[in-house]
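Trainee: I have a structure to go through before setting anything up. Can we take it point by point?

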Amino acid sequence: MDLFAQMKMADFFLKLYRGELNRLCGYEFTPQKVRTIPDESREGQLPRATPEQQGISSAHIQLFLKELSRRKDVNPHSVLVMRHGKVITQAHFRPYRADYPHMLYSLSKTFTATAVGMAIGEGKLSLSDRLVDLFPDKVLPLHHPRLNAVTVRDLLTMQAGLKFNELGSVMGRDWEKGFLQSEFLHEPGAKFSYNSINSYMLSAAVKRRTGQGLVEYLTPRLFEPLGIRNVYWEKCPMGLEKGGWGLSLRIEDAAKLGLLYLQRGTWMVDGVPRQLLPQQWVAEATRNQLTDLEGAENGYGYHVWIGEDGNSYHFNGMFGQYVVVFPRYDVVVALFAGSQNLMPQGGGLELIHRFFGSEDFYSDVPLPKNVRALRGLVRTMKGLTFQKRETMPRVSYTPKGMCRLLSRRLFPEQNPHERLTEAQRRYDGAEYVLQKSFGSLLPLVLQGVHGNFTGGMEKIRIQNASGCCTLTVWEGGQENVVRMGTDGAPRYSEIDCNGETYMVGSMARWTTDEDDRDVLKAYLSFIETPDTRILKLIFEEDRVLIRFEELPSVRDAFEKIGAPPVPQTGGGERVRRKLKQLLQPKTTGERVDFITH
């Protein structure tokens, strides 16, 4: 079995090297990302209060937001702070918004574990249930003897010991079979080994024992009581929720799960407290369940990470998705980001603990009203921007410059071509046919997560107006129009990539490089995900060079997910060049048409 798995893995990396991205998956691509309808309703919204009313200073929250916005290693998108069950701060870094959900990645795991806890509370599952009993039809007659010992508890604590993981799931349709027929890395229950397919198997176990998928099962038991609507959870090729990843929620809805655990599983439903999740489950899930902490640092419960001080715990998702609970201070902090961290580590988590993990910051009684501090906090929240440095317009702070800026804000559509710079006029309406490359509108991380490889940009058109630049992209037989703010305010566009629909908030700036060439640098944030596509268009006569980057960096992510090391001798240099073309693509294009004004 292991030899067969190694052969498939070798074939996977050979296709990756050859650039045969559309053949990487062992099953046919099916669109996963549906069109999102923004939820602006206040139904189910948590109560609000000022920080001072809940015993914490607005100035302290303001300092936290300022520090967060300065951290390049965090790349924050949204943050929410809650105390005593009330939201005291909710801030979004433009173009990110409160009414759109965000991919949770592995933060989905805690929702999966919550479903398991509810099923156990209903007597439909138990921690001691064995996989060989749950999935008898997927177990080989001559299976590995260690498989007989693997239980639901081992899946919850990441101690199942099986080798089949997320990368293996790309290579076949039947993930249950792939997991149960895999080799073992270690004895079940002996060692922590983080593996998202453990969570997928829990999703499958819930379906086996309840007859319902996770969304159907959790809707009346969790989502509806908590006021969580429009739930979207990606499914595997067999039609089952992925469990370990794939859930998208608004930040307030993700924070509600933290509040539910903080309240020991109780929730007010129609003014009456209800025990949605057994108290015993919450107590066990949020304490360390490991004897060997290697790989888990401070401990791990039932799909819950234990905090460094032992008095907090958190739910974590790749690229900086966090819900952190401080029971001692009755506080929940949620953060969505696009950082480089794949595991619970790094600047975002460190900042949350530094600003909210000490009793010095809290009062047991409300603080005096402080209008000045609250206004300062609100002012900071309004000024938070993710796409900040390269996309902010150069503003003259003379009276004439400020009047011009005010006029642009008050009358954005008046004479749209009147205030174009020479460079903007020069390229207004220009079209370029591009050479074939791996450079796509869709960030490579998103392409890889869904197996949605479009084949790269084929042609672009640029159109300029005052305060806005429009980029039309032809790719994979489709045409997408992306509007980008050049006045410091994002513009929003809906794009379609092979049937997957994304909302993109974009900003751009015209400038010049060290060789005095005209440059358009654009940030296209896929606001329902942690990912941002960065385009740098460098113009020279009738040609354009486009460099593609993304946040989080796909190169760093590729190294962290366990890609094989590139040899330093022999064909190593050739392999490195090939991988660079894939991970940091670029293309050139020749101008073929333009529109004059």
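Trainee: What average pLDDT does the chain have?
Mentor: This is a predicted model, so confidence comes first. Where pLDDT is low, predicted coordinates should not be read in detail. Over the chain, 86% of the residues score at least 70, and the average is 89.

Trainee: Is helix H12 largely enclosed or open?
Mentor: H12 spans residues 347–356. Its buried residues include Leu349, Ile352 and Phe356. Cover comes from elements including helix H2 and strands E1, E9, E10 and E11. Eight of the ten residues are buried, so H12 is largely enclosed.

Trainee: How many residues apart in sequence are the parts that Glu252 and Arg48 tie together?
Mentor: Their side chains form a salt bridge, 2.9 Å from N to O. Glu252 is buried at 5% relative accessible area, whereas Arg48 is partly exposed at 37%. Glu252 sits in helix H10 and Arg48 in the loop between H1 and H2, so the pair joins parts separated by 204 residues.

Trainee: Lys138 forms a salt bridge with Asp174. Is Lys138 buried or partly exposed?
Mentor: The closest N and O atoms of Lys138 and Asp174 are 3.2 Å apart. Glu176 also forms a salt bridge with Lys138, at 3.2 Å. The cut-off for buried is under 20% relative accessible area. Lys138 has 16%, so Lys138 is buried.

Conventions: Residues are numbered from 1 along each chain as its sequence is written. This is a predicted model: local features need pLDDT of at least 70, side-chain atom pairs count only at pLDDT 80 or more; totals for chains, interfaces and linings use all residues. Side-chain values use heavy atoms; hydrogens and water are left out. pLDDT is the predictor's confidence in each residue, from 0 to 100. Buried means under 20% relative accessible area, exposed over 50%, partly exposed in between (1.4 Å probe, protein chains only). Helices (H or I, at least four residues) and strands (E, at least two) are DSSP runs, numbered from the N terminus. Contact means heavy atoms within 4.5 Å. A salt bridge is a side-chain nitrogen of Lys or Arg within 4 Å of a carboxyl oxygen of Asp or Glu.
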